[in-house]
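I opened the model and kept notes as I went.

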Amino acid sequence: MKMKLMKRLVPVAAAAAILGGSAQAQELTIATSVPSLGFPFFVHMQKELDAAAEQLGDITLLATDGQNQTPKQTADVEAAIIQGVDGIVISPIDAVAMAPALQQAIDAGVPVVTIDRAVDGVPGILSHVGADNVKGGEAQGQLIVDLFPDGARVVNLQGQPGASPAIDRNKGVHNVLDAMSDKYVFVAEQTANFAREEGATVTEAILAGLDSPPDVIVAANDDMALGALQVTQEQNLDIPIIGFDALPEALGSVRDGGLAATIEQFPGGQSRGAMEVLVDYLRNGTEPEKVVLLTPIAITQDNIDQAERLGELE
């Protein structure tokens with residue numbers, strides 16, 4: 001099977017301080033893989049990985065797009081191993097299905113750092129750098145409690161089955177609301193696979209099947225939330241919608257009174273942290289923490305200045 005890899009030569013940067021004061025950094029080739037560059041979130045994450053590599057200096061990136069297909073991402077990892085990369089930074093499409101490929105890399109002596117999405121059953125992973133998605137889901141749940149202290153009927157748009165963020169965000173929402181199940185009732189829960197079009201289609205079907213509109217819609221990412229918003233606006237329904245990821249478009253919607261909120265999980269911070277952890281290990285032998293988690297926060301009109309990508313708004 002032929003695999004196409006996009007190769008980027010990252011310019012050398014002055015990184016002596018980061019590299020322990022050495023004038024010449026050890027040259028490295030690092031493979032990066034994100035689930036799909038069709039999602040703005042992962043486009044931003046890849047750009048931040050590129051920027052981190054440029055800052056660290058003397059790094060060639062083999063940047064690949066999983067195209068939301070586990071076989072494609074698996075093939076990219078296998079190709080990177082064959083090409084003899086020094087390390088891999090990857091956001092696995094599926095927490096379980098990508099385990100064999102990453103184990104293969106580790107068995108071949110290639111250190112692996114997972115980012116954003118963790119993988120199950122591979123104890124040799126060098127480090128995982130991500131957001132605490134359970135806490136992010138809990139932030140969504142707590143916001144629902146704050147908005148509706150007397151209780152609410154909730155529609156829950158879940159993410160892609162098998163993806164660790166989808167699993168953890170859903171768990172977080174339930175952690176908060178299940179403790180008060182007499183007041184907070186999930187009237188519908190369905191996956192929309194992190195996709196905007198599916199978010200709209202699923203929301204439309206759910207609304208058509210309910211006797212009355214829900215009080216709030218919570219979504220495991222902004223694309224699904226924005227799809228749901230499109231439907232509620234078309235139907236002239238005033239339903240607060242809470243997204244997740246703090247994409248620039250979602251931030252603009254929050255600012256302008258569309259979405260009620262989104263959750264900031266600092267993908268740029270994750271990307272820089274993952275690249276720094278891997279490079280520090282490869283160049284200096286520094287053993288990193290096994291898990292590094294950033295704490296997400298809810299972004300509303302009141303604290304939109306805390307969003308990482310606020311500067312990208314027009």
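Which way do Val216, Ile217, Val218 and Ala219 point from strand β9, and are they buried or exposed? I looked at residues 216–219 in this predicted model. Val216 and Val218 point one way. Ile217 and Ala219 point the other way. All four residues are buried. I noted the general rule beside this: in a regular strand, side chains alternate between the two faces of the sheet.

**Partners of β9**

Next I looked up what β9 pairs with. Strand β7, residues 152–158, pairs with β9 in the parallel sense, over four bridges. Within β9, Val218 is the bridge partner of Asn156. Strand β10, residues 241–242, also pairs with β9 in the parallel sense, here over two bridges. In β10, Ile241 is the bridge partner of Ile217. I then followed the chain from β9 to β10: the path runs through helix α7, residues 222–234, and this β-α-β crossover is right-handed.

**Leu157**

I listed the contacts of Leu157, leaving aside neighbours within four places in sequence. Among them are Ile217, Val218 and Ala219, which I had already met in β9. The list also includes Gln190, Gly199, Val202, Thr203 and Ile206. Met224 and Ala228 are in contact with Leu157 too.

**Cores**

How many residues does the largest nonpolar core have? I found 50. Leu157 is one of the residues with the most contacts inside this core, and so are Ile30, Ile59, Val89, Leu259 and Met275. Helix α1, residues 40–56, supplies the largest share of the core, seven residues. A second core is separate and has 18 residues, including Ala31, Val77, Val119 and Val122.

**Rings**

I searched for aromatic pairs and found two. Phe39 and Phe42 are edge-to-face, at 6.4 Å centre to centre with 90° between the planes. Why is the pair of Phe41 and Phe42 edge-to-face? Their planes stand at 85°, with the ring centres 5.2 Å apart, so the pair falls in that class. Phe39, Phe41 and Phe42 form one aromatic cluster.

Phe39 has 16% relative accessibility, so Phe39 counts as buried. Phe42 is at 5% and counts as buried. Phe41 is buried, with a relative accessible area of 5%.

My last entry is a charge over a ring. Arg169 lies over the face of Phe244, at 3.8 Å from the ring centre.

Definitions and conventions. Residues numbered from 1 in each chain as written. Predicted model: local features only at pLDDT ≥ 70, side-chain atom pairs only at ≥ 80, totals over all residues. Heavy atoms only, no water. Buried < 20%, exposed > 50% of the residue type's maximum accessible area, 1.4 Å probe, protein only. Pairing = 2+ DSSP bridges. Right-handed = clockwise from strand over helix to strand, strands pointing away. Phe/Tyr/Trp six-rings, centres within 6.5 Å; stacked < 30°, edge-to-face > 60°. Lys NZ or Arg CZ within 6 Å of the ring centre and 35° of its normal. Core = buried A, V, L, I, M, F, W, Y, C linked by side-chain atoms within 4.5 Å. Contact = heavy atoms within 4.5 Å.
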